[in-house]
Amino acid sequence: MNIQEAKKITLSLIDTFNEASQVALDLRKAGLKKEIKSDNTPVTNGDIEVNRILTKKISEITPNIVIVSEENTAHKNDKNLKNFWLIDPIDGTRDYISDREEFTLNAALIINKKPAIGIITAPAKKRIFYSYGRSNSYELINNQEVDLINKKKNYKELKAVSYSDELKPEISQIYEKYKITSHQKMKSSLKFCVVAAGEFDLYAAEPRACEWDIAAGHAILEHAGGKITDFSGNEILYGKPEFKNPSLIIRSKNIP
């Protein structure tokens with residue numbers, strides 16, 4: 001897939017993501033219907049409706065590419081997937097239910113096991129990020145593209161985002177290695193976006209969550225000049241058994 005094809009696909013999904021984002025907010029305002037899945041995580045009618053909207057449009061645009069979604073069983077047992085979509089309709093469902101702001105909508109197109117396109121919206125924060133190739137990573141602000149790779153850092157110290165206020169020893173060691181001076185708890189894939197935008201510098205996590213939680217953020221971060229590896233410095237590839245993540249270190253372009 002060339003850059004022009006990737007751009008066309010990405011931009012054709014922006015309106016759909018905006019529509020789905022508004023639907024997510026409207027359903028929450030009306031009162032969500034909640035269930036607990038077999039893995040003991042919550043799901044709502046908002047997750048299901050957003051999934052329907054996104055998968056319908058993506059299927060229309062790329063009918064020959066399979067879709068793997070957190071909220072569908074289809075293709076989760078497929079072997080040797082190389083080219084496929086990964087969708088997390090709502091990442092941060094507990095925050096979504098609790099009327100917090102950090103939940104996100106996510107889709108990533110994986111080509112040859114690597115993320116080629118990433119789209120993330122944070123509806124309650126009115127932020128939308130997308131990317132479709134190296135040096136083509138953006139935040140859309142007031143309908144204007146802001147180029148993330150050229151966005152200037154506006155602080156001097158190195159800051160991290162974390163999924164917990166209490167750091168595990170291996171995470172603290174990583175913070176020391178990269179001379180991190182402070183950290184802030186943040187939920188969902190918004191962590192990848194704020195690192196890509198240079199608002200924070202690092203995120204590290206032991207193996208947790210699944211590929212659909214990180215793929216779109218991976219694309220946005222890497223295309224903005226950032227780096228993502230596991231703790232041993234290995235490349236992150238997609239389509240692994242059960243779509244499980246390894247350990248992660250994501251770094252902004254401000255950290256070598």
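**View 1. Leu-202 meets its partner across two strands.** In β14, Arg-251 is the bridge partner of Leu-202. Keep in mind that this is a predicted model. The two strands here are β12 (residues 202–205) and β14 (residues 248–251), and they pair in the antiparallel sense over four bridges.

**View 2. The whole sheet, strand by strand.** Step back and you'll find an open sheet of five strands with mixed pairing, in the order β11-β10-β12-β14-β13. The edges belong to β11 (182–185) and β13 (227–229); each has a single partner strand, so one side of each is left without a neighbour in the sheet. On average, and ignoring direction, neighbouring strands are turned by 20° against each other.

**View 3. Two helices and the sheet.** Helix α4 (residues 169–177) packs on the sheet, where it touches β10, β11, β12 and β14. The direction of α4 makes about 155° with that of β12. Helix α6 (residues 211–223) lies across β13 and β14, and runs at about 140° to β13.

**View 4. A closer look at Ala-160.** Ala-160 sits in strand β10 (residues 159–162). This residue counts as buried because its relative accessibility is 0%. Lys-185 is another residue to look for: 25 residues separate Ala-160 and Lys-185 in sequence, and in space they are 8.7 Å apart, C-alpha to C-alpha.

Methods: Residues are numbered from 1 along each chain as its sequence is written. This is a predicted model: local features need pLDDT of at least 70, side-chain atom pairs count only at pLDDT 80 or more; totals for chains, interfaces and linings use all residues. Side-chain values use heavy atoms; hydrogens and water are left out. Buried means under 20% relative accessible area, exposed over 50%, partly exposed in between (1.4 Å probe, protein chains only). Two strands pair if DSSP finds at least two bridges between them. Axes are lines fitted to C-alpha atoms, for helices over the stretch in contact, and angles run from 0 to 180 degrees between N-to-C directions. Contact means heavy atoms within 4.5 Å.
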